[in-house]
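Subject: Model for your files, with notes on aromatic rings

Dear colleague,

Please find the structure below. My notes on it come after.

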Amino acid sequence: MDFETGWTEEYATGIEGIDRDHQFLFELVSNLIHAPEQEHFENIQSAIQVLIEYTNYHFEKEESLMQLFAYPDVDEHIQQHHVLSEQISEYAEKFNRHSQHFDYSEFCEFMIGWLIDHIIGSDMAYRPFIDDISKADAHLQSYKLIDGTP
């Protein structure tokens with residue numbers, strides 16, 4: 001796969017907890033890009049499950065933050081999250097049914113494209129409504145970490 005998967009400052013919202021989550025999501029997808037060459041079925045299956053769980057964890061935090069700051073388009077943003085969660089679950093089901101024919105390139109390109117488009121478009125749209133960064137960071141710190149992840 002020859003597409004860029006790295007985090008850049010262009011994706012920074014300036015909200016530490018959100019940016020840390022986004023960076024970790026990029027890392028998870030990057031790890032999956034190389035998985036078919038290095039890993040066994042169980043390890044890839046586990047990596048996809050971690051991606052699903054962490055994505056949902058991040059969405060919960062982000063949605064809570066948007067609600068706290070009364071972001072007017074929160075419902076539309078939440079709907080985007082639901083659609084992605086369903087799409088990732090469909091990819092996971094495809095992998096579980098036919099791992100030898102699973103299109104890693106398609107899945108990783110989809111995830112990276114979605115992350116970039118969503119961060120630059122939808123996430124940056126709520127950023128101006130977060131008028132107290134220290135309050136936002138304190139709110140996000142109340143969320144329990146998943147298995148030691150950021």
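The notes cover aromatic pairs and charges over rings.

This is a predicted model, in which local features need pLDDT of at least 70 and side-chain atom pairs count only at pLDDT 80 or more, while totals for chains, interfaces and linings use all residues. Residues are numbered from 1 along each chain as its sequence is written, and side-chain values use heavy atoms, with hydrogens and water left out.

Rings of Phe, Tyr and Trp (its six-membered ring) are paired if their centres lie within 6.5 Å; planes under 30 degrees apart count as stacked, over 60 as edge-to-face and the rest as tilted. By this rule there are 13 aromatic pairs. One of them is Tyr11 with Phe26, stacked at 5.3 Å centre to centre with 10 degrees between the planes. Tyr11 belongs to the segment before α1 (16–38) and Phe26 to helix α1, 15 residues apart; helices are DSSP runs of H or I, at least four residues, numbered from the N terminus. Tyr11 and Phe26 are both buried (under 20% relative accessible area, 1.4 Å probe, protein chains only).

Phe24 and Tyr54 pair edge-to-face, at 4.7 Å centre to centre and 65 degrees between the planes. Phe24 is in helix α1 and Tyr54 in helix α2 (residues 41–68), so this pair ties together parts that are 30 residues apart in sequence. Both Phe24 and Tyr54 are buried.

Ring pairs also link Tyr91, Phe95, Phe102, Phe107 and Phe110 into a cluster. The charged end of Lys94 sits over the ring of Tyr91, 5.2 Å from its centre; this term requires NZ of Lys or CZ of Arg within 6 Å of the ring centre and within 35 degrees of the ring normal. Lys135 has its charged end over the ring of Phe69, 5.3 Å from the ring centre.

Regards

Terms used
Helix = DSSP H or I, 4+ residues; strand = E, 2+ residues; numbered from the N terminus. Buried < 20%, exposed > 50% of the residue type's maximum accessible area, 1.4 Å probe, protein only.
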